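Thank you all for coming. I would like to walk you through one structure, slowly, and I ask you to keep the view open while I talk.

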Amino acid sequence: MKDTPKKKRAIVVGSGIAGLASAIRLQFLGFEVDVFEQNSTYGGKIGVWSKNGYRFDTGPSLFTMPHFVEELLLLDAKHDINFKYEKLNVLCNYFWNDGTELTAYADQDKLEDEFETVLGEPKENIRKFLRKSKEKYEITNHVFLEKSLHRVSTYLNLRTLKSILQLHKVQIFKKMNTENRKVFVKNKTIQFFNRYATYNGSNPYQAPATLNVIPHYEFGFGAFFPKKGIRSIADSLFEKAQNLGVQFHFNVPVTAVKRKPSGFQINNEHSADVVVCNMDVAAASKGPFSELISTKRKSYEPSSSAVIFYWGIKKKFPELDVHNIFFSANYEEEFNTLFKDYDLADDLTVYVH
Ligand SMILES: Cc1cc2nc3c(=O)[nH]c(=O)nc-3n(C[C@H](O)[C@H](O)[C@H](O)COP(=O)(O)OP(=O)(O)OC[C@H]3O[C@@H](n4cnc5c(N)ncnc54)[C@H](O)[C@@H]3O)c2cc1C
């Protein structure tokens, strides 16, 4: 009788959403997967906190591209996880302190009408901007979202080469605010679209106009909300990983990852053929992965963070929707104070979820 070949072992460091996704994919590919998580629970930034009968999702609040979650839940074609979400008709409500209120509808015709009626921004400008946002997505998506930038095969691919030829349309060397000023005539519209830089903690007055791709994720694919809250994304992926046989080890910080002739050794104790790092790259490169990650990454500057308050209020606010933005009057000054003085401006933009 033939011996069945021994399964390869993979270790995932961290059980944030990316760690959960990697664990699911590796286990599905036939690896024996162990996840080491320093905290007592999974989810990473997709956290949850309860107090006095109120429950707060502590990290992200906007759910885009749900098909990526669905793909993971259905990898093995078993409908064993009950994950439900709905599409939002209103993406976000915007408020300015001069009393202007704008509703960002998911429906593009309604959105264009709203911009023209409320702000006086010609519809064609919105249409043109969103068309270019989609174009940026189509040029960049398969390189940045679907391929590894560290593999030669990515660059020897015909689609990548086509994208490289169109790189000028992605506007890497132009500033987001400068380009938005050229497209729109109203300052409030510029502020509206500049805000998308904050989705990855950037400053629209310094960030490349490439980030004008971000609105396409919302306006092109839609914004969604899981019926049981954002935490249920992590709950569902955790359940799926367990169903597939992934082993989780909580309260186990990984302190050392070393390369060995036969693979990797973790915490001088566990061996693996493959290791996936789900930690922030800067922390990983200065910590447990210092031998494996190039020194260049050790000097990465973190993006801006956010100050968050969790308020339990027993009242309904009909003027508010799932996502609401209260804009500051001087957006540029707000960013200058934050990014140049490392301080908070007196007048701040506030997001209410
Ligand atoms: C306040 C806030 C709001 C956000 N809003 C949105 C939003 O609306 N929409 C959106 O799409 N995104 C949003 N984001 C971004 C999104 O939350 C993150 O991009 C995403 O959750 C990151 O997932 P990750 O798995 O890469 O990392 P993380 O969630 O950071 O997971 C990393 C995991 O690794 C673990 N770990 C770290 N070091 C070790 C170690 N040495 N040993 C073992 N385990 C370790 C950590 O404990 C953690 O569980 C927001 C982020 C924040 C903070």
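I will go through the sheets, then the hairpins, and end with the ligand.

Before that, please keep in mind that this is a predicted model, in which local features need pLDDT of at least 70 and side-chain atom pairs count only at pLDDT 80 or more, while totals for chains, interfaces and linings use all residues. Residues are numbered from 1 along each chain as its sequence is written, and side-chain values use heavy atoms, with hydrogens and water left out.

Let me begin with a sheet of 4 strands, which is open, has parallel pairing and runs in the order E10-E2-E1-E14. A word on terms: strands (E, at least two residues) and helices (H or I, at least four) are DSSP runs numbered from the N terminus, and two strands pair if DSSP finds at least two bridges between them. Which strands sit at the edges of this sheet? They are strand E10, residues 247-249, and strand E14, residues 274-277, each of which pairs on one side only. From one strand to the next, the twist averages 20 degrees; for such angles, axes are lines fitted to C-alpha atoms, for helices over the stretch in contact, and the values run from 0 to 180 degrees between N-to-C directions.

Within this sheet, strand E2, residues 32-36, pairs with E10 in the parallel sense over 3 bridges, and Val35 stands opposite Phe248 in E10. Across strands E1 (9-13), E2, E10 and E14 lies helix H1, residues 17-28, which runs at about 165 degrees to E2; contact here means heavy atoms within 4.5 Å.

Now to another sheet, an open one of 3 strands in the order E11-E12-E13 with antiparallel pairing. Its edge strands are E11 (257-260) and E13 (270-272), each pairing on one side only, and neighbouring strands are turned by 30 degrees against each other on average, if direction is ignored. E11 and E12, the latter being residues 263-266, pair over 4 bridges in the antiparallel sense, with Arg259 opposite Phe264 in E12, and these two strands form a hairpin with 2 residues between them.

Two further hairpins deserve a look. Strand E3 (residues 48-51) pairs with strand E4 (residues 54-57) over 4 antiparallel bridges, where Val48 has Asp57 as its bridge partner; 2 residues lie between these strands, and Asn52 takes a positive phi near 50 degrees.

Finally, the ligand. How many residues surround it? There are 24, the closest being Glu37, Lys45, Leu62, Val254 and Asn278, where a residue is near if one of its heavy atoms lies within 4 Å. This shell divides into 12 nonpolar, 10 polar and 2 charged residues, with Ala, Val, Leu, Ile, Met, Phe, Trp, Tyr, Cys and Pro counted as nonpolar, Asp, Glu, Lys and Arg as charged, and the others, Gly among them, as polar. An oxygen atom of the ligand is 2.8 Å from a polar backbone atom of Leu62, and a nitrogen atom of the ligand is 2.9 Å from a polar backbone atom of Val254. The protein covers 69% of the 1,000 Å² of accessible area that the ligand has on its own, as computed by the Shrake-Rupley method with a 1.4 Å probe.

Definitions and conventions
A polar contact is a pair of N or O atoms within 3.5 Å; within protein, one must be able to donate a hydrogen and the other to accept it, and residues adjacent in sequence count only if both atoms are side-chain atoms.
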